[in-house]
Amino acid sequence: MPQHSPAPSAWRRIQTAWGLPDLAGKGRFVTANLIDSLGNGLVMAFTVVFFVKTTSLSLAAVGAALTAGQLLVLPVPLFIGRLLDTYGPRIVVAAGNWISVVGFIGFLFSHAAWQIVLWQFVVQLGSTAFWMGNSPLTVLVARGAERARWFGFVRALRNVGVGFGGAASAVALSIGTVAGLQAVMVINVVTFAVAGWLVITLRGADTSEAAGAGPAEPKPAEPERAAGETTGQLSGGYRTVLKDTRYLRLVATNISFVFASTVISVLLAVYAVDNLDVGAWIVGVVVVLNAAMVALLQTLASRWIEARSPVTVLVLALLFNAAAFVVFGTLLVLPGWAVIAGLLIAMVLYTVAEMLSSPPTSELSVVMAPEHLRGRYLGVYQLSWSVGGAVAPALLTALLAGGAALPWVFLTAISVLAVPLVIGLDRRPAATSRAAPAGDVAPVEQLDGDPVG
């Protein structure tokens, strides 16, 4: 007699309808991501004020010290990539949380500019380790299924966490006392320590099913290594990455998304207030619109994305970004009554591009990399975020100073020019990489819940 699968539960039907992945047994992973997002929301919103209130340094000195600490992290992804290949993502993510804990403790005892530089470097080192390891860890959690949903869910979780973290930080700032600000930092210390424990205690097992590109992408036959070759050497490591033109095209494409991601924090407020002559309140409205759309619709977008080619989705994301930047630029010639409506339309287009771009870029950055060099590949990919994030504020503000339309012309151009780079990225080449010898592959893990059977 034919066997019938049990009907899905009501909660599972809700998960499916909203584009949520199967969360059963993944509580530790989800909680660790939420804690990190809440903590980042707190830190981003009040670090500058924290040091202005708790030290005798000027606002300019605090800002310069924080920037210097951030710049020191730029080469770090290449080092973390080697650690990922050696120890695997679970250990790197947990270590990232605990490194951030050390940095937050250092913040509490910082009084001089050099101390802020040092501990900002430590905090950003931990954050970089967390996010570099979190993408391959997400692939392991997904176990080859619902990857787009998982990446979309992590993105939505981050937006919710950053929003709540920012709100909590605003409450602390309204209190205004040094003790209140220090209490927020102590909360970060405790929660990040817990997040590291949640990740490090994920159950480890065989990950052969989860770590690769999934059952739909069989591995090609691969040539054997030459005698004596090791992945720890540069010749078999970063030099291999730099010869992989397909992966470098993904990195170059991501730079356009990195520049786009800085629009809200770098351009929007000064452009709207100084060049469009609208009230600062409208900037708050469109930023809330962006956060709400991502938090509420990202998982639904991921449900749509998973049935489509990553290349198709990325091309759409680039075109939506280009359309958004065109609208932002043309607001300069619109009458006052149309500017607010135009800002809202541009932000909707921009947010759609954001929701479409995040899952496929995160997924491709992992699955396009050969397993034995995945950490090094992700190190190069992370450089697109580190370098792009450092260059974008200076470049975009310089363009804005040269003419109000110039940054939007630049952003439109790099979005359109990135389209040809994307074409063909989802086609696996005949031979992806050399096989790693036994014991040279990074430790792979099956996570959260099911014991090995």
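**Stop one: around Tyr 247**

Select Tyr 247 and show what surrounds this residue: leaving aside residues up to four places away in sequence, Tyr 247 touches Leu 364, Ser 365, Met 368, Ala 369, Tyr 377, Leu 378 and Tyr 381. Keep in mind as you look that this is a predicted model.

Now widen the selection. Tyr 247 belongs to the largest nonpolar core, which has 39 residues, and together with Ile 80 and Leu 250 it touches the most other members. Next, colour helix 13, residues 310–330: with 6 residues, this helix gives the most to that core.

**Stop two: the surface**

Switch to a surface view and pick Trp 98, Val 186, Val 190, Val 194 and Trp 197, which make a nonpolar patch of about 450 Å². Which helix gives the most to the patch? Select residues 178–200: this is helix 8, and it supplies 4 residues. Val 186 lies in helix 8, and because its relative accessibility is 40%, Val 186 counts as partly exposed.

**Stop three: the whole protein**

Zoom out and show the cartoon: there are 17 helices and 0 strands. Of the 453 residues, 49% are buried. The protein exposes about 19600 Å², with 69% of that supplied by carbon and sulfur atoms. Among contacts with a separation of 6 or more, 86% join residues 24 or more positions apart.

Note on methods
Residues are numbered from 1 along each chain as its sequence is written. This is a predicted model: local features need pLDDT of at least 70, side-chain atom pairs count only at pLDDT 80 or more; totals for chains, interfaces and linings use all residues. Side-chain values use heavy atoms; hydrogens and water are left out. Patches are made of residues with over 30% relative accessible area and no salt bridge: like charges are joined within 9 Å, nonpolar side chains (Val, Leu, Ile, Met, Phe, Trp, Tyr) within 5 Å. Accessible areas come from the Shrake-Rupley method with a 1.4 Å probe; for residues, only the protein chains shown count as cover. A salt bridge is a side-chain nitrogen of Lys or Arg within 4 Å of a carboxyl oxygen of Asp or Glu. Helices (H or I, at least four residues) and strands (E, at least two) are DSSP runs, numbered from the N terminus. Buried means under 20% relative accessible area, exposed over 50%, partly exposed in between (1.4 Å probe, protein chains only). Contact means heavy atoms within 4.5 Å. A nonpolar core is a set of buried Ala, Val, Leu, Ile, Met, Phe, Trp, Tyr and Cys residues joined through side-chain atoms within 4.5 Å.
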